[in-house]
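Dear colleague,

Please find the structure below.

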Amino acid sequence: MKKVWKFLGSMRFAILLLVILAAACAVGSFIPQLQPYETYAETYSPRLAGLIVGLGLDDVFHSGWFLVLTIFLCGNLLLCNLTRLPQLVRRYRAAADPEQPYPATVQAADVAEPEPIFAKLGMPKPRAGTDAQGSATLFSVKNRIGLWGAWVCHLGILLLILGFVLGQMTKEEYTVYGVPGQTLPIADTGYTLTIRDFRIDRQDDGFATQYASSVTVSPPGAPEQAQQAEIGVNQPGSLFGFKLYQNSTGDAARLTVKKDGELVQENWVCVGDGVRMLDTPLALYLRACVPDYDQAADGSAVPGYAYQIYIEDQFYTMDVQLEGQSIPYFTPYEVRFSDPTAYTLIQVKRDRFALLALLGGVVTMLGLLLAFYLQLKQVWAVQQPDGRWTVYGACPKGGVLFAGQLRQAAGLPATPDPEPEPEPAPEPETAPDQIEESR
């Protein structure tokens, strides 16, 4: 059992999980997500479509196996941190113990006053003591907190993954669209969204540069606590824990229904939406708004509205209604579209664990800063019998750079002089009688 727990908390298992999750993310990016079976069958083949849907590849990031792998990764990181915590605490404490220094990576001998070297290296004030031989010693340690870098980084990654997974499992996402003046429900949350204004900024050539909406969100049963926001593309707003994103726009028209000259129904219909026509079995769908579909006698543009009519969900007919005309088929009602305008489409999202993921990112960055910029440094000095000192330094990471700094602080060259190469031994002289023998 101990071997199982050791493997579950090992780096090998973590790498295996990361490889599988990376492959799953690649598949999720390659295969279109959240599409019906018919779309996959048409794009690939019925057999492959069945495999995609059966394995949950049509919604990778919410599939059960993806969640299980993520839980295992979180467990691996947690086990890794917990098992290494006692050892890390011991290392942290030992780093401040002058009797257990790291192996010296550099030394400077025959130093008269060691304290200035400590000061030049930015080390804390050294502690005086004696070693086992009774010699006077000075010891200082810096950046012990850097030993926690990898541990803190692992903790941050754990929080980041937990925030992402829990956010994906519980996030809410809604779409609200309409025209200025409308108050629309945000699904079944009880909150309502009022579109106060919507504008489209355009260049001189008519190219749209920005969509922007002024909105008000009201909580359930408390309109007096409503909050307002201005949102645009790449300029989201935050109200009541919801994140509001300006998504897109489209065409809409006002639908009026009259009977015997009296207004019976009036509402806005966006392109693509349909309306059940009162007590009739007919449903009317707006398919397109064309502002300049026709031309009046005075040369002005006459809008046109393409529509479709369904009877009991079965297609019946389609046509175009011009501004001012009424649509037949609805007798005794007078039905018409008018006032073409642009509607705004707003994505409303709520992720209750976004702050946890953000905290994980911050903690991860903190761990990286500790690991790379606060490297442990130890400096100690031992007094020799002649009264001079030998200064030692240790830096487990970046030892070469630290060695140069300590040598410079001691007034020595940053790099030690290379040792002279030994002169080659002279070749032995050959005696004349040996020359004669060789001949």
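The crossing of helices H2 and H5 is left-handed, a term used when the near helix is turned anticlockwise from the far one by less than a right angle. Helices (H or I, at least four residues) and strands (E, at least two) are DSSP runs, numbered from the N terminus.

This is a predicted model, in which local features need pLDDT of at least 70, side-chain atom pairs count only at pLDDT 80 or more, and totals for chains, interfaces and linings use all residues. Residues are numbered from 1 along each chain as its sequence is written, and side-chain values use heavy atoms, with hydrogens and water left out.

H2 (residues 11-30) and H5 (residues 64-94) pack at about 150°, with axes 10 Å apart; axes are lines fitted to C-alpha atoms over the stretch in contact, and angles run from 0 to 180 degrees between N-to-C directions. The two helices are therefore roughly antiparallel (an angle over 145 degrees). Residues of H2 in contact (heavy atoms within 4.5 Å) with H5 include Phe 13, Leu 17 and Leu 21, and among their counterparts in H5 are Trp 65, Phe 66 and Leu 69.

Turning to the strands, S5 (residues 183-185) and S6 (residues 192-202) run antiparallel and are joined by three bridges; strands pair if DSSP finds at least two bridges between them. Leu 184 has Leu 193 in S6 as its bridge partner. Six residues lie between S5 and S6 in their hairpin, where Ala 187 in the turn has a positive phi of about 50°.

S6 also pairs with S7 (residues 208-218), antiparallel, over ten bridges, and Leu 193 stands opposite Val 217 in S7.

Yours sincerely

Definitions and conventions: Angles under 35 degrees count as roughly parallel, over 145 as roughly antiparallel, 65 to 115 as roughly perpendicular and the rest as oblique.
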